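User: I would like to go through this structure term by term. For each label, set the value against its cut-off and conclude.

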Amino acid sequence: MKLNAYLITLLVVCIPVKSVLADLRIEVTQGVDNALRVAVVPFDWRGAGRLPENISDIIDADLVLSGRFESLPASQMLSLPHEPAEIFNRDWRLLNVEYLVIGHVSPVGDRYRLTYTLYNVFKQSVELRQTIEGEASEMRDMAHYASDSVFKILTGIEGAFSTQIMYVTALGPLTDRRYRLNIADADGHRVETMLESKEPILSASWSQDGRYIAYVSFEVDSRPAIFLRDVVNGTRQQLTNFPGLNGAPAFSPDGKQLAVVLSKDGNPDIYILTIADRRLRRVTRHYGIDTEPSWSPDGKGIIFTSNRGGQPQIYQIQLDDLSIERLTFEGDYNAKASVLPDGSGIVMVHRREGVFHIAMLDLIRGRVTVLTETSLDESPSIAPNGSMLIYATQYGGEGILAAVSVDGGVKFNLPSSEGDVREPAWSPQKRRMFKPISE
Amino acid sequence: MLRITTRGVMAISFAAFVLAGCASKTEVEEPVAEVAPVVVAPVVEAPVVAEVKRPMVSGGKISVPAAGGMDGMEQLQGLFYFDFDQTIVKRAGHMELSKHAMVLKDDSTLRVRLEGHADERGTREYNLALGERRANAVRAYLVAEGAPRSQIEVISYGEEKPVDGGHNEAAWAMNRRVEVVYR
């Protein structure tokens with residue numbers, strides 16, 4: 001176990017990055033070399049009483065957890081501007097701060113109006129100024145929206161701060177396990193439990209519109225079955241109950257179908273289940289193990305794991321003519337692949353010299369790049385911005401989640417207070433959207 | 001890996017064997033709760049296997065009359081192991097599996113569930129398929145040895161239910177298994 005990979009690499013200006021009440025903590029273990037130095041100045045609250053959330057703290061934590069920023073603690077700030085007119089430029093040049101995020105919150109009836117400004121210290125110019133409005137319960141979402149906007153301007157990449165992560169925890173002794181399927185914000189807060197069970201839960205996945213999840217649960221007679229849950233209204237239905245395996249549900253991009261794995265016809269094969277009428281279409285017919293289907297972004301093909309060649313490798317099938325092509329030729333074990341949103345590559349579990357890593361296969365050049373330094377890695381899930389991925393691994397004898405940027409430059413761990421954590425799935429959609437108001 | 005346990009409850013059959021004059025060649029004196037000289041009908045004569053005892057199911061495991069002139073009941077091994085990424089039962093378990101097949105063949109009321117498992121390495125769904133392969137391999141062996149397929153159910157837990165939570169070869173070897181569970 002490479003323990004040194006888990007030592008927190010201290011950034012020059014060190015802020016303990018933890019979400020105090022969160023179930024998942026985030027520890028950045030490697031940031032980019034040329035992190036941008038940013039200061040998120042505590043926002044001004046122009047109403048009475050206290051705000052339900054500390055918006056500048058949330059933005060600060062978001063930016064630092066991305067691994068691309070170093071932030072200045074409020075205690076070191078020489079002044080606390082809330083509007084561009086209040087910025088005294090020298091106070092920030094002295095501290096080598098490159099960007100300021102400042103803002104204020106005003107009450108509007110029983111809603112809140114948030115205004116934030118991104119200021120370039122060296123150019124002495126405003127790069128972004130937005131105002132959004134929301135309710136008390138949306139305050140964290142508003143802060144994350146601000147983080148996403150700032151992130152996009154500074155890096156050119158869509159932020160993933162407004163997204164959610166679904167994962168499974170396993171608690172208790174091996175002989176008396178309790179399993180939970182949870183959904184939390186990407187920063188570890190607001191954990192909601194979707195299912196609690198004494199039998200295993202796995203393979204949870206999101207629909208593309210973020211409204212539904214599908215998962216495998218052994219709760220019925222200790223046998224695997226696939227369930228579909230409406231995340232918005234909290235209802236669920238059991239979709240399959242075939243003998244043998246019922247597994248690996250994956251939503252088609254249009255959300256109308258699920259690719260699933262069934263072994264009812266003698267060995268594990270991939271089928272497509274139409275959700276509305278439960279019709280089944282068999283897609284693979286091979287006596288080997290075919291499993292872990294994942295759709296291509298255009299919905300015309302499915303990539304999957306198969307040991308038809310002896311060892312598990314990644315194959316692709318075209319749904320119109322059912323022609324199959326092998327994709328991986330490096331490494332003696334490749335599995336659980338998923339396609340990047342732009343279709344340029346796939347991430348997968350890849351074994352090299354006996355160690356299981358997460359790797360990316362560049363589909364254009366055919367090159368495999370190992371992304372992780374951890375081992376016993378599994379279940380990679382790509383963030384909707386296509387630039388980060390989250391996966392499950394082992395640390396200190398416990399299952400934890402870790403994340404890495406798709407170019408391998410940024411790494412962080414998400415140890416949980418709750419037992420073994422596994423099977424992460426990044427939501428494809430943001431939790432809330434806001435429309436900036438023009439002032 | 002044969003495990004022989006003598007159940008105290010089988011004191012009566014032990015006594016019956018004693019009464020039958022069954023010459024035990026083993027030196028092992030199995031401790032029993034009581035050795036009450038109870039006369040049991042029918043009193044049997046010379047044959048080595050005097051009475052056909054019903055197999056007994058307890059806690060998912062089955063006990064059968066001990067073979068080869070040994071006294072008492074023998075609990076059959078319920079665990080069978082595999083090499084990494086393999087679905088062939090290790091040779092050491094074959095003889096025991098044959099005993100299971102016989103038990104199932106002889107008693108059509110017995111039901112068995114074969115639970116297949118894999119170690120933690122690799123991906124979860126693939127390991128579910130691997131566990132199922134292993135359980136299927138055990139079923140195929142049992143059926144080939146005469147066990148009726150209708151009495152056998154197969155299920156896989158993949159890497160989800162390890163017996164050893166360690167992350168090393170020794171733990172993984174213990175987890176790559178099929179459990180034969182009588183219901």
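Analyst: First, the ground rules. This is a predicted model, in which local features need pLDDT of at least 70 and side-chain atom pairs count only at pLDDT 80 or more, while totals for chains, interfaces and linings use all residues. Residues are numbered from 1 along each chain as its sequence is written, and chains are lettered from A and ligands numbered from 1 in the order in which they are written.

User: What makes residues of chain A count as in contact with chain B, and how many are there?

Analyst: The test is a distance: two residues are in contact if their C-beta atoms, placed from the backbone, lie within 7 Å. By that test 26 residues of chain A touch 18 residues of chain B. Strands 11 (201-206), 15 (246-251), 19 (290-295) and 23 (333-339) of chain A each give two or more residues to this side. Strand 23 of chain A gives the most, with three residues. Helices here are DSSP runs of H or I with at least four residues, strands are runs of E with at least two, and both are numbered from the N terminus.

User: Which classes make up the side of chain A that touches chain B?

Analyst: It has 14 nonpolar, eight polar and four charged residues. Nonpolar covers Ala, Val, Leu, Ile, Met, Phe, Trp, Tyr, Cys and Pro; charged covers Asp, Glu, Lys and Arg; the others, Gly among them, are polar.

User: Why is helix 1 of chain A called oblique to helix 3 of chain A?

Analyst: The axes of helix 1 (residues 55-65) and helix 3 (residues 139-155) of chain A cross at roughly 45 degrees and come within 9 Å. Axes are lines fitted to C-alpha atoms, for helices over the stretch in contact, and angles run from 0 to 180 degrees between N-to-C directions. Under 35 degrees is roughly parallel, over 145 roughly antiparallel, 65 to 115 roughly perpendicular, and the rest oblique. The angle therefore makes helix 1 of chain A oblique to helix 3 of chain A. Helix 1 of chain A contributes A:Ile55, A:Ile58, A:Ile59, A:Asp62 and A:Leu63 to the contact. Its residues, from both helices, divide into nine nonpolar, two polar and two charged.

User: How do you know that helix 3 of chain A is largely enclosed?

Analyst: Count its buried residues. A residue is buried if 20 or more other C-beta atoms lie within 10 Å of its own, exposed if 12 or fewer, and partly exposed in between, with C-beta atoms placed from the backbone. In helix 3 of chain A, 13 of the 17 residues are buried, so the rest of the structure largely encloses it. Just after this helix, A:Gly156 takes a positive phi of about 80 degrees.

User: What makes the length of helix 3 of chain B agree with expectation?

Analyst: The expected span is 1.5 Å times one less than the number of residues. For the 21 residues of helix 3 (residues 124-144) of chain B that is 30 Å, and the end C-alpha atoms are 30 Å apart, so the two agree.

User: Why is A:Arg180 called partly exposed?

Analyst: A:Arg180 has 19 C-beta neighbours inside 10 Å, so it counts as partly exposed. It sits in strand 9 (residues 178-185) of chain A.

User: Is A:Leu322 buried or exposed?

Analyst: Exposed, because 11 other C-beta atoms lie within 10 Å of A:Leu322. A:Leu322 is in the loop between strand 21 (313-318) and strand 22 (324-326) of chain A. Its phi is positive, about 60 degrees, although it is not a glycine. Most residues other than glycine have a negative phi.

User: What makes A:Leu376 partly exposed?

Analyst: A:Leu376 has 18 other C-beta atoms within 10 Å, so it is partly exposed. A:Leu376 lies in the loop between strand 26 (368-370) and strand 27 (378-382) of chain A.
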